[in-house]
Amino acid sequence: MTLAELKQIFISKLEKCYDKNEIEQLFLIYIEDKLNLTFNPSFVIENEENIEKDILLLQEYKPIQHITGKAFFYDDFFKVSQHTLIPRPETEELIELIRNNHSENDTLSIIDLGTGSGCIPISLKKIFRNANVAALDISNEALQIAKENAKNIVNNEITFYENDLLKDINLAEKFDIIISNPPYIRNLEKQEMHKNVLEHEPHLALFVDDNDPLVFYKRVIEFAKNHLNKNGFVYCEINQYLPEETKELFDEHFRNVEVIKDISGNYRMLIAN
Ligand SMILES: C[S@@+](CC[C@H](N)C(=O)[O-])C[C@H]1O[C@@H](n2cnc3c(N)ncnc32)[C@H](O)[C@@H]1O
């Protein structure tokens, strides 16, 4: 079968599940990240049986990154699994915000709370080469993946902690930068979510109680009270529907708090110091 024929098969088998642009994207990611090919329509491929199985998985709304086993984030491919959130483009904007706010040569100490695949600390370690970078998560399975990514991308130069952010944490160090992209989606927002997220991504990474949607931000602030150096910064990804509430919460504890829109025009980032 040629790649042009495979593309037609993707379209005909997936058109009930995804729109045209999504299928185009899935096809390109599949041939590049799974088959290690670029799109040459006349190129003949083998191993059709495995490809058929993968198309069935896509029909079941399995995320393409779970099929290829990796996701591109900022500058690198990160291994992902059902235990890690698939890194999102919005979070790349958080990395860019931090990059623009600090000097790349500074000797910073940095920690990421709720690290998942490790995409945030690893990307920052590549930018801030002199930084001491740490990361924390409650999920042992996620930490195993993050450690693999740290080994592959930054030669293990990240310290990992397995801790529950909802409980008191006492680390010996303090940090110049605390970052968190914590769970922030309320159950009431589930109806707007795609099946491939709802049915395949870890709910531990995504959802919070409708009655206490800022619970993790409260814990980030508690953590910062004991672990943020004087003049340090907190950066968070935030729920686009709760920017005012989230800002008010941080206003109670920090002098300068700003919420910032992402490229789609949604309030998505918070910076406090
Ligand atoms: C939204 S995901 C972010 C993952 C990654 N930082 C990213 O941006 O792709 C939130 C992360 O918080 C972790 N998490 C959830 N509850 C936690 C808790 N109580 N303590 C520590 N980490 C927690 C999840 O395992 C998940 O990896």
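## What surrounds the ligand

Ala, Val, Leu, Ile, Met, Phe, Trp, Tyr, Cys and Pro count as nonpolar here, Asp, Glu, Lys and Arg as charged, and the others, Gly among them, as polar. Sorted that way, the shell around the ligand in this predicted model comes out as 12 nonpolar, 7 polar and 2 charged residues.

So who sits nearest? Of the 21 residues around the ligand, it's Gly-114, Asp-137, Asp-164, Leu-165 and Asn-181 that come nearest.

## Polar contacts and cover

As for cover, the ligand on its own has 600 Å² of accessible area, and the protein covers 97% of that. Two elements, α6 and α9 (203-206), each give two or more residues to the shell.

## How α5 meets α6

Helix α6 (residues 119-127) also packs with helix α5 (residues 89-101). Their axes are 11 Å apart and the angle is about 35 degrees, with α5 passing α6 in a right-handed crossing.

On the α5 side, the contact is made by Thr-91, Ile-95, Ile-98 and Arg-99; on the α6 side, they meet Ile-120, Ser-123, Leu-124 and Ile-127. By class, that's 5 nonpolar, 2 polar and 1 charged residues.

Methods
Residues are numbered from 1 along each chain as its sequence is written. This is a predicted model: local features need pLDDT of at least 70, side-chain atom pairs count only at pLDDT 80 or more; totals for chains, interfaces and linings use all residues. Side-chain values use heavy atoms; hydrogens and water are left out. Axes are lines fitted to C-alpha atoms, for helices over the stretch in contact, and angles run from 0 to 180 degrees between N-to-C directions. Helices (H or I, at least four residues) and strands (E, at least two) are DSSP runs, numbered from the N terminus. A crossing is left-handed if the near helix is turned anticlockwise from the far one by less than a right angle, and right-handed if clockwise. Contact means heavy atoms within 4.5 Å. A residue is near a molecule or strand if one of its heavy atoms lies within 4 Å of it. Accessible areas come from the Shrake-Rupley method with a 1.4 Å probe; for residues, only the protein chains shown count as cover.
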